[in-house]
Amino acid sequence: MAVTDQAAASPVRGASAAPLRRPMRLFRNLSAKIATLPMILTATVIFVGCTGWTVVHSFTSSRLLPRLDFVGLDQYDRLWSTPKWYVAIQNLAVFGVLSLIFSLVIGFVLAALLDRKVRGEDVFRTIFLYPFALSFVVTGLVWQWLLNPELGIQGVVRDLGWTSFTFDPLYNRDLVIYGLLIAALWQGTGLVMCIMLAGLRSVDDEIWKAARVDGIPTWKTYTHVIIPMMRPVFVTALVLIASGIVKVYDLVVAMTQGGPGGASEVPAKYVMDAMFGAQNLGQGFAASTMMLLSVVIILIPWAYLEFGGRRRG
Amino acid sequence: IDFEVSHWWTSGGEANAVAKIAEAWEATGNTWVDGAIAGSGDTARPIMISRILGGDPMDAFQFNHGRQAEEMIQAGLLLDLTDVAEEQGWRDIVNPPSLLDACTYEGRIYCAPINIHSWQWMWLNNSVYEELGLPVPTNWDEFVDTADEVRAAGKVPLAMGGQSWQSQGAFSVMAVALAGRDAWMAVYGDKNAEVAAGPEFARVFEAAAAARELSRGSNVQDWNQATNMVITGEAAAQIMGDWAQGEFAMAGMVAGEDYTCLPGLGVNALISTGGDAFYFPRQDDPEVTAAQKQFAAMLLSPEVQVSFNLAKGSLPVRGDVDLAAANDCMRKGLEILAQGNTIPDGNMLLTPDTTQQLNDLISEFWATDMSAADAQARFAEIIASAD
Amino acid sequence: MTETAAIPPLAAASSPSVSIRGLRLAFGAVTVLQDLDLDIAEGEFLVLLGSSGCGKSTLLNCIAGLLEPTDGQIFIKGRNVTWLEPSERGIGMVFQSYALYPQMTVRGNLSFGLRNARVPREEIDRRVARAAEILQIGPLLDRKPGQLSGGQRQRVAIGRALVRDVDVFLFDEPLSNLDAKLRTDLRVELKRLHQSLGNTMIYVTHDQVEAMTLADRIAIMKGGRIMQLGTPDEIYNRPANRYVADFIGSPSMNFLEGQWEGGAFRGKDILLPIPARTGGTARPAILGIRPEHVMTGPLAETAPLRTEVIVDIVEPMGADTLVWGELGGKPFRIRMDGQARVRPGDRLPIGLDPARASLFDARTEERL
Amino acid sequence: MTETAAIPPLAAASSPSVSIRGLRLAFGAVTVLQDLDLDIAEGEFLVLLGSSGCGKSTLLNCIAGLLEPTDGQIFIKGRNVTWLEPSERGIGMVFQSYALYPQMTVRGNLSFGLRNARVPREEIDRRVARAAEILQIGPLLDRKPGQLSGGQRQRVAIGRALVRDVDVFLFDEPLSNLDAKLRTDLRVELKRLHQSLGNTMIYVTHDQVEAMTLADRIAIMKGGRIMQLGTPDEIYNRPANRYVADFIGSPSMNFLEGQWEGGAFRGKDILLPIPARTGGTARPAILGIRPEHVMTGPLAETAPLRTEVIVDIVEPMGADTLVWGELGGKPFRIRMDGQARVRPGDRLPIGLDPARASLFDARTEERL
Amino acid sequence: MDGPRGPRPRRILSRGNIMLYGTLIVVAIYYLLPLWVMVMTSLKGMPEIRMGNIFAPPVEITFEPWVKAWAEACTGLNCDGLSRGFWNSVRILVPSVALSIAVASVSGYALSMWRFRGSETFFAILLIGAFIPYQVMLYPIVILLREIGLYGSLWGLVIVHTIFGMPINTLLFRNWFAAIPEELFKAARVDGAGFWGIFLRVLVPMSLPIFTVSAIIQVTGIWNDFLFGVVYTTPANYPMTVQLNNIVNSVQGVKEYNVNMAATLLTGLVPLIVYFASGKLFVRGIAAGAVKG
Ligand SMILES: Nc1ncnc2c1ncn2[C@@H]1O[C@H](COP(=O)(O)OP(=O)(O)OP(=O)(O)O)[C@@H](O)[C@H]1O
Ligand SMILES: Nc1ncnc2c1ncn2[C@@H]1O[C@H](COP(=O)(O)OP(=O)(O)OP(=O)(O)O)[C@@H](O)[C@H]1O
Ligand SMILES: [Mg+2]
Ligand SMILES: [Mg+2]
């Protein structure tokens, strides 16, 4: 830097004050750096640190207590030879895909309906949203009850005369995952709807007008114009739903405890069972490392696209 | 001193029983801080373990004794109770001695057993059979023979809750009863995979497959809901531990008259001697340590043993107390105990890891059409890899 | 109201392309358009001009069928279209925000409506190619709107109306989002487009330069009514009332308050003989004179009325110079040649020409 | 570069209020400002003019201290402020979007900076009252920005700089968000404010009318460099290069390609003797002539060069009329009187005056 | 000119409208059904529940289950229902919500307006953290809290809630602040406001919607939390959900569904009230925080 040269060459009269020195880089925006310290610590110590800790311990034979006696890939061998794990990931895949699709579709359709200048929009919106305020424990309890063959919907319908009516997803191995889905959707679609509604509201009115002038039917305007425009909204919703799916645990425990016969196992429950039920921390950590790995594989490209690609102009 | 006790005894009878200990404890001038977590051990265990790991442990906690606490002992996290045990002569009074063995690690004693629970019971509703004009079965085979008629009457022959530990427990009961003590010990105690794959257990799996059919139609989750099916006559029988009789008692039913209990399924009258025990995390405060030892001693005192076990419906850990108020079934149990026809509890022989695997296997077996042979093969695998 | 009388012979002669009869539109209790009648001739370029919120867009949306009128009828080419769908009215519309479908290419944008109407493929291609040629967007056909500049986007938006071969083009402030230079260029292109296509065009703006340069006729709106309908020249030189006079022209007309005394206007320090356009008695009146019609320099000497203005601010604008001064205690604006050399504080001799002044009744504010 | 040579004596005479030396600013790999030197005299009104993205706002932000330059120094009143906080530089800034604090009243907005600087209460009240008086926003003091019109908001924003008694006012397109009429009014108010306060003002715009009317000097920027720095008159009449010539004036200057032959310009169909401003040999050159400097009507008869233009489009704008025609196969714009009556297709006789034409080297595009 | 005249005949019950409202009402019923069942059941006596239809309204309304759930249901030895846990939950909720919002808003603010090298990287890590199952972190955090001596205290729990609320809330705040015109921020700097001055005096007062959204999300999450509340505190501080869990999961003969439902409703009341009360603000905040950015 030619600070001094420049100042000396400067024709400015009365430039008596000696030129200031450029401040140190590290201390620029010091307040900002201090203020984000909690976030930085959380990101590094908790998320990176604890994740690392977990990954490291997944290579040990830790049982009840974390111990550093490494056994290589044994825990992973065991993991991938456990039928329950396969059931769990298969369930997660089915549940994940279905709940993604249905959440997005239902959320969007509800939002689109509400966006049609509906009377009492506030009331409907609140109705669709309130389940989100309830915990999964509560959701699980209520739906477990509604889906109970004797007490719930099946029982009531049979009492009405259709004695052959069968609706007992929680007691049917093939249907149990859909039973979970019903409850999960009930709880989660409200928020998706809210996000979609906000997204729809942000669409320029003139686009709608243009489509009407072009003679595009409403449904086609949605599918061909509006939905493609709402990509960022869908991404946000997707992230929210997906982060919930990976972690789905409470609901399963509250509704089925993995049953019947392990048919509704999910990875998070596998982890919990391994860590606390089986007191085999290493196995639990191995399973959670696998979960983490899949999350990272899915997320990194997305994060790159979302945050690497565009910067604030 | 405020004495915090963690446990998962929250149901009516259980809470009642805990209250007895608490009363006795408060009578000594200490304060009982209750740390109840409902659910089961799976909910409570992470809490207890993290409390201990976090360096702010409770003063005492309930555990199924057995191998669950081994590592904590190794890590030096638990209080050594050997001096209390010697002072009180636990070696002499605890019956069966295997209970104390389960608390012993490398010669030192780390837990105070409090009761004996046994799994090996089948509970039958007499009125169901009376209505059908059948004699109440006295063993497993008779039960199976009459099952078709029970089914024809629109009732479920065998009630079974959906949780995995229930089917696994029932399976284990059948194994003891049908395969016999030696084969059972070979598999569960010595982890002998050959026996596990052998003919004795083949029979057990076939019986289990039959029982699976008999239990179709019991759409309940909790064990006591299943028990309730037996009580109301919706189902004829249930295989469940002795805690079930608390439910019968609460429903006002009388053992021997309204319901029948068959230890060891009426085949092999053996009972396992599992149970609950209290452990004490090591703490720096000598005052706390003293209180912990005082608490441990109190647990095995005859008064607490009687009042607690009567409330809980379990058997006392000392053979020298008199349970005058015991009912028909408890008496049967006490008798078997007195004869020494006991086997250790699965929790003492198997690591939780293995138990979990067995739970998963049996519950899957129970809920699907898995063939007995397949199930047995996987069973043998698990036993082979157990330690 | 004025506009009924003001419909010029032009519209009456040829059959009108768009006719509006008794149009009224209310949002709940708020009446946004009131009893509007309007005839637009075949091939005419009509500009709706007015300040923000006066109802221009609302009127345009009614014509397009995007808003349903509370009362009244709309005819396009003699057909009552009041309750037809927008796409059935033979109109095309261009919006301020372009309203392009962002996920489609330019070609997709142009053809979307046609594909939807099941126009045959070759026909679509033909029309798109023609529109692209007219608007010079051929090389852009495979880009997405996000990759286009504002001017290019607006061209595509126009193209979208063009391909549909409509009778009437509707524009809602199509150039407002563009920068000054582009605005000038596109304005000329639009004018050229109109000349070559000959379609009827209805154009909403609040930019008077656009209105003046593009329009065959201008409708000045205020509060949901049409204040004056006429050619740019009429509007500019013979505003029907004070509002229009004030609204049109930048900087705006100078107003002097005074008295109309049958043949002459008498204001503070001023007496200007004006050939009687209206008879009638003496009454309070307002004299309006445009800054560019104030005579200065040698011309001022020859004017019927001569007076002086004290210069306050001088704004050289290159081609001409704006002088802000004071006359009769009120601000007075003068537009002079770009070469003029005036300084603040100068006393500038000026002349007023009654032939180029407007006179309004002070009470009704109507032109006398 | 040109600008060094172009610093007029004005700046050198009085001590400069703002001096910029060797300023360079890069966002990563993109250099937005390059080796910029600039001196702004005490009390001067400097306008930074340029098309979008040329770096005007960036330069202003550097002066304000909102962006840290990559290299170079900035002096305000002789003090090196390059690394001072914005609030310590003695500057006030007014933004395009007003940037008022929405939850504070007008009074709160005005006094926020003073409260931050711990100015005593009475002093704050005094200054707010004075600013309110100057800007005539007294009655609005207790309203929130949401309750103000655009023009009122911008006045408050100016007031916020005013109360802080700063040496230098910085404006970043303060009038762009206002409508045409308000823009004209506020422009005049700003000019008046500058005349009465006498502060140094630096004003960014891309509206040339604003630039021409407000500026003491204009700096035309392009790609992070200053293309020309001079008074509005210089910029308008003696553009330093073709870019500036093209940029200034609306509609823009007509350019005719041809040959400079020492004393005369020869283009297609044209030969125009031009008094030699630069010697040198014959070379390809471009003749620039502003639409308003094209002579028409009787004047055209007397011009040194007479020719004809075929009229393409006529845009009446009230005060004057724009004619778009063709000359030598290229579009040619003419600005005529508002009264002019021309029709598309006419052959319009015109005259060119060499004294009012600019000549550029075709290669360097610099003025000859 | 031909064609119909006069105002258009209006039909309120057009086919489209019937479809629209029909669909909405049917869906609304699906969403309300569980709530209806919960409320109805909680007002019935046990015999009625065993006999009847879960959807039927109570023949005889009784508030006993509510009283029992609130004040009498047993948790181990303490038979004072949910009441004790309620106050614990409040004591956990208030500082947790306050701290987590404070931290997240400041982080979001710094991320959107005071970027520095690496800030986005940390943020990306934080976001990925949102996908990690909590269970994985249980033990390491226990160890961390032990090391800083906060294990078992209320503040330990508050910190845990803050940590796990950080990703989503920081994202919301960051997007919100990023949508605020940069010029406002510049104006405040010229006016001499520093990092905190701009935040507290300019930005916070205009950010009510996003604070509402964040508060709602945190209130819901923290109030409904069971695992952290029980793992990182001592029984003296157990939140309401622990009592709920104990009431619901203690199996005593027949399940007392009415008490369970009453307890469930009581526990859900706080977040429900927050939702019903915040209404439009929530949607607005979501619109600003979730959709943009
Ligand atoms: N959907 C609506 N509900 C209620 N009032 C409305 C609605 N749309 C427009 N208005 C009102 O109608 C009036 C006219 O609006 P319109 O959009 O036609 O104005 P405009 O002349 O186009 O103004 P601009 O130049 O700002 O676009 C305004 O006062 C506006 O507030
Ligand atoms: N933060 C940034 N990062 C990277 N490039 C930037 C940033 N800010 C501005 N630029 C670039 O710097 C150049 C100059 O920007 P600047 O805002 O100064 O332009 P401007 O002349 O003010 O334009 P406008 O008239 O549109 O306001 C532009 O090309 C812009 O893209
Ligand atoms: Mg409009
Ligand atoms: Mg700018």
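**Exercises on aromatic rings**

**Exercise 1.** Decide whether C:F247 counts as buried or exposed.

*Solution.* Start with the relative accessibility of C:F247, which is 13%. Buried means under 20% relative accessible area, exposed over 50% and partly exposed in between, with a 1.4 Å probe and protein chains only. C:F247 is therefore buried.

The model is predicted, so local features need pLDDT of at least 70 and side-chain atom pairs pLDDT 80 or more, while totals for chains, interfaces and linings use all residues. Side-chain values use heavy atoms, without hydrogens or water, residues are numbered from 1 along each chain as written, and chains are lettered from A and ligands numbered from 1 in written order.

**Exercise 2.** Work out how the rings of C:Y243 and C:F247 are arranged.

*Solution.* First, the rule: rings of Phe, Tyr and Trp (its six-membered ring) pair if their centres lie within 6.5 Å; planes under 30 degrees apart are stacked, over 60 edge-to-face, and the rest tilted. Over all chains this gives 62 aromatic pairs. For C:Y243 and C:F247, the centres are 5.8 Å apart and the planes at 20°, so this pair is stacked.

**Exercise 3.** Find which residues join E:Y109 in a cluster of ring pairs.

*Solution.* Follow the ring pairs in chain E: they link E:Y109 with E:W114, E:F173, E:F177, E:F185, E:F195, E:W196, E:F199 and E:F211.
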